[in-house]
Amino acid sequence: LTIVKFILYPLLTVLLPVYASFFGKAFVEVSQNSSSLSIFHFVFLIIVILVSFIELRFAYLFSTNTPLLDRSLLGSWDDSIVFVTILSMCYGTFLSQTLDLFSKWRHVAPIVGYICFLSYRIYLLYFVPMLTLPVNTFFLANCLMSIFNLILSIVHLYISSIASYGYILISIFSFFAGLVFSNWWFKKKHEALMYNLTYRSSIDNDPNEYKLVQQHFSQIIFSSERDAISYLHMGVALQSERIIDTSFLRYLISDYNYPSMVFAVAQVASFFPSQPQFINALLKMISKYKDLSIAQMYLLNQIRRIHLIRQSTVSWDASMQFSQLQKMSRDTISQVRGFWGEILNAKSDISFASLHYLRSESIKADSAFLDACDQYPSNTKILNEYCRFQIEALGNFQGATSSGRKMIQINQGKNLVVDYAFKALVNVYPQYLVNNHMNIHGEVISKPGLDLTNTSTNSLSTSATTDSSDRVEIEEKYE
């Protein structure tokens with residue numbers, strides 16, 4: 001999936017405007033000379049463009065609906081913004097090839113349609129969808145400049161007295177004016193958001209602080225569900241303390257527990273390793289939903305894998321997994337010993353089928369151990385059993401040495417777990433580490449005096465402490 005996303009994501013972004021240009025030329029050829037070759041070329045390009053847009057749509061879905069944030073400049077929270085941007089670029093490229101076929105007064109309707117595309121892009125930018133905040137400013141300035149240029153193009157249809165260089169100078173001026181306006185507008189939006197997400201009690205360790213925080217959040221007026229989710233995303237980008245301590249996340253879950261909101265909150269909560277119980281509660285809520293989309297199932301699978309990796313090495317799930325692996329390992333080792341015993345005694349002929357069966361069982365057990373080591377990388381019991389299995393069943397002494405080295409490092413207190421979600425977060429927003437909000441292990445350093453783990457009024461925190469049967473139910477449902 002990562003390879004497919006890498007191929008489709010940057011490649012189609014460049015190729016689709018080129019396809020649109022060829023499609024425009026094919027449209028002109030069909031209009032002027034409808035030969036069988038030109039019609040075939042026209043129909044073929046329609047199919048190519050439709051398939052490419054479907055591929056691009058899924059590529060953006062998988063690149064945004066994931067706890068692993070995209071470090072590129074086009075990385076976004078919402079897959080719609082870049083997709084609509086590419087779509088509008090293709091539409092503009094197509095118009096540039098075909099408008100000359102029509103009279104001047106017929107140029108107005110396609111240009112107005114392009115302005116509608118740009119207006120919708122501005123609507124999406126209102127919710128600050130890009131991960132890198134300055135990119136939102138650039139995109140909005142570009143949209144404003146494009147709308148101004150399209151209005152000038154309509155004027156140019158009927159007024160030709162303005163020189164060509166005049167339009168160029170006006171376009172440059174409109175872009176920089178749009179840049180200044182966009183920077184001012186987003187700055188005001190950021191200040192308003194930080195004001196809404198910031199609350200501190202005048203009393204240190206105030207026992208009623210959680211209630212006061214929830215009352216403060218209840219004063220925020222969201223224009224839509226998308227607006228509430230944008231507060232969540234901007235809070236992550238601006239390192240809001242009420243995002244780090246999950247108080248705003250819990251408020252959204254308690255007051256706006258729609259499926260899309262729950263998934264957005266779960267995605268943000270998966271960035272922070274210090275809230276395993278909260279993620280566990282969210283997984284329990286999501287397990288009750290039915291008819292999930294492909295993007296939601298993909299996001300849920302990623303969150304679940306991250307949550308399993310962060311679980312304690314002595315958890316009930318790890319113990320159950322160890323028992324199954326130990327039985328599988330002992331059965332395979334006994335079969336290998338029996339096989340070599342038959343060879344040494346030479347009592348019967350060794351068939352190829354028995355060799356194939358022994359090899360299949362060994363590979364099956366080895367794959368199960370690799371999956372368990374991926375889910376519980378700090379569990380020394382699993383590593384120890386895997387080391388024994390590699391020696392006695394596989395004869396893989398180099399792999400056994402590597403497993404033994406990992407056990408020694410874990411016993412010495414070294415952390416070998418790579419938290420990819422937290423790593424992706426600090427790669428995009430290094431201020432979490434630079435400003436000492438969190439340490440390199442994802443533990444909160446500077447946070448408000450609110451201690452949600454000791455707050456008795458937090459019903460979601462109470463429901464987060466689920467028993468082992470609930471965890472098994474969630475895992476079996478999405479295995």
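Helices, as named in these legends, are DSSP runs of H or I with at least four residues, while strands are runs of E with at least two, and both are numbered from the N terminus. The model is a predicted one, in which local features need pLDDT of at least 70 and side-chain atom pairs count only at pLDDT 80 or more, while totals for chains, interfaces and linings use all residues. Residues are numbered from 1 along each chain as its sequence is written, and side-chain values use heavy atoms, with hydrogens and water left out.

**View 1. The whole chain as a setting for the close-ups.** The secondary structure of the protein chain comes to 21 helices and 0 strands. Of its 479 residues, 47% count as buried, a word that stands for a relative accessible area under 20%, whereas exposed stands for over 50% and partly exposed for values in between (1.4 Å probe, protein chains only). A contact is a pair with heavy atoms within 4.5 Å, and among contacts between residues at least 6 apart in sequence, 72% join residues at least 24 apart.

**View 2. Helix α10 and its residue S247.** Helix α10 covers residues 247–255, and S247 is found in it. With a relative accessible area of 0%, S247 is buried, and its C-alpha atom is separated by 9.4 Å from that of F217, which is 30 residues away along the chain. Buried residues of α10 are S247, F248, L249, R250, Y251, L252 and I253; because 7 of its 9 residues are buried, α10 is largely enclosed by the rest of the structure.

**View 3. Two loop residues with positive phi.** Most residues other than glycine have a negative phi. Q239, however, has a positive phi of about 55° although it is not a glycine, and it is found in the loop between α8 and α9 (241–244). The phi of T246 is also positive, near 65°, in a residue other than glycine, and T246 lies in the loop between α9 and α10. Q239 counts as buried at 12% relative accessibility, and T246 counts as buried at 1%.

**View 4. Helix α18 and what covers it.** In helix α18, made of residues 420–428, the buried residues are A421, F422, A424, L425, V426 and V428. The cover over these buried residues includes α8 (225–237), α13 (294–310) and α19 (431–434).

View 5. On a 1 Å grid over the protein atoms alone, a pocket is an open set of points with protein on both sides within 12 Å along at least five of seven lines, and lining residues have an atom within 4 Å of a point. Grid points are joined across faces, edges and corners, and a volume is the space filled by probe spheres set on the points. The largest pocket has a volume of about 580 Å³. Of the 24 residues that line it, N65, W77, D78, D79 and I229 are the closest to its centre. At least two lining residues are supplied by each of α2 (36–64), α3 (79–98), α8, α11 (259–269) and α13, and the largest share, 5 residues, comes from α8.

**View 6. Aromatic pairs around F175.** Rings of Phe, Tyr and Trp (its six-membered ring) pair if their centres lie within 6.5 Å, and planes under 30 degrees apart count as stacked, over 60 as edge-to-face and the rest as tilted. By this rule the count comes to 31 aromatic pairs. The rings of F138 and F175 have centres 5.8 Å apart and planes at 75°, so this pair is edge-to-face. The pair links distant parts of the chain, with F138 in helix α5 (residues 133–158) and F175, 37 residues apart from it, in helix α6 (residues 164–196). F138 is partly exposed, with a relative accessible area of 42%, whereas F175 counts as buried at 16% relative accessibility. F175 also forms an edge-to-face pair with F176, at 5.6 Å centre to centre and 75° between the planes, and F176 counts as partly exposed at 49% relative accessibility.

View 7. T137 has its place in helix α5 and counts as buried at 10% relative accessibility. Leaving aside its neighbours within four places in sequence, T137 is in contact with L179, S182, N183 and F186. F186 belongs to one aromatic cluster with Y120, Y123, Y126, F127 and W185.

Terms used
1 Å grid on protein atoms, 1.4 Å probe; cavity = no way out; pocket = protein on both sides within 12 Å on 5 of 7 lines; lining within 4 Å.
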